[in-house]
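Welcome! Let's get to know a new structure together, one question at a time.

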Amino acid sequence: MQPPSGFSRLHQALMPDYNRHATAYWWTVVPLGFLAIAWAATDVALRPWPVALQIAAGVAMAGLAGNFPVTIPRTKTSFALGEIFTFLLLFMHGVAPAILAAAAEAAVASTRTSSRWTSRIGGPALTAISMSATGAMLQWMLALSPSQAGISLAALAGIALWVSIVHFVLNTILVAALPRLKRGEWLRWSAVTGSFGLTLVVSALCAIASAVLSESFR
């Protein structure tokens, strides 16, 4: 009998309860998430240092807010008010800084709420994927206007509301899919809607407040 390979030992240590589908899912989405983080870090590093310094401060504040996650009763879902810094960076500086801020907040929050390295590593990766898609949607919505300066504050608040909903739903689906795969179940819409309520309201308020603040700064 051959001894287990290094990958098998790693799997037994980190993923003892992961079946084949859950393992394939984790090893697919996590590298994609860290590719998004690497692209975002490269993009920010190439910006003028005053802008990069402002972005770094926003990312640090988002990460600091991740130290105080609020867990929703009877669920494993939690949120932190760092989203206001994430959305502020999104509206002021674009997708890349928002990816870094979202990943920083998720990394800190998952470290405090979970002892499993699969969650600590997967949390920021999944959030980075969600923010990448959300940021792309925001750019598309802003491109529908002849110029960003021509968007009214009310319209921008409406866009921010949709952005927060898309980010919330995508992130919830990505996170909820893993335990469903581990149990061999299909992902149901109720797994997403079960986290609605206070979390979505807070996320929406953070996004709208960030949009208003970005216009004030602008």
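This is a predicted model: local features need pLDDT of at least 70, side-chain atom pairs count only at pLDDT 80 or more; totals for chains, interfaces and linings use all residues.

Q: Which residues touch the most other members of the largest nonpolar core?
A: A nonpolar core is a set of buried Ala, Val, Leu, Ile, Met, Phe, Trp, Tyr and Cys residues joined through side-chain atoms within 4.5 Å. Buried means under 20% relative accessible area, exposed means over 50%, and partly exposed lies in between, with a 1.4 Å probe and protein chains only. In the largest such core, which has 35 residues, the members that touch the most others are Phe87 and Leu90.

Q: Which element gives the most to this core?
A: Helices (H or I, at least four residues) and strands (E, at least two) are DSSP runs, numbered from the N terminus. Those giving two or more residues to this core are helix 2 (20–45), helix 3 (49–65), helix 4 (83–93), helix 5 (95–113), helix 6 (117–143), helix 7 and helix 9 (198–217). With nine residues, the element that gives the most is helix 5.

Q: In what order do the elements of the protein chain run?
A: The protein chain has nine helices and two strands. Read from the N terminus on, the order is α-α-α-β-β-α-α-α-α-α-α.

Q: Which residues does Phe87 touch, leaving out those up to four places away in sequence?
A: Contact means heavy atoms within 4.5 Å. With residues up to four places away in sequence not counted, Phe87 touches Met131, Val163, Ser164, His167, Ser203, Cys206, Ala207 and Ser210.

Q: Is Gly63 buried or exposed?
A: Gly63 belongs to helix 3. Setting aside neighbours within four places in sequence, Gly63 is in contact with Ala104, Glu105 and Val108. Its C-alpha atom is 7.7 Å from that of Ala106, 43 residues apart along the chain. Because its relative accessible area is 9%, Gly63 counts as buried.

Q: How does the span of helix 7 agree with what it should be?
A: The expected span of a helix is 1.5 Å times one less than its number of residues. Helix 7 (residues 153–182) has 30 residues, so it should span 44 Å. The end C-alpha atoms agree with this, being apart by 44 Å.

Q: Which residues form the aromatic pair?
A: Rings of Phe, Tyr and Trp (its six-membered ring) pair if their centres lie within 6.5 Å; planes under 30 degrees apart count as stacked, over 60 as edge-to-face and the rest as tilted. By this rule there is one aromatic pair. It is edge-to-face, at 5.0 Å centre to centre with 75 degrees between the planes, and its members are Trp26 and Trp27.

Q: Which of these two residues is buried, and which is partly exposed?
A: Trp26 has a relative accessible area of 7%, so Trp26 is buried. At 37% relative accessibility, the partly exposed residue is Trp27.

Notes. Residues are numbered from 1 along each chain as its sequence is written. Side-chain values use heavy atoms; hydrogens and water are left out.
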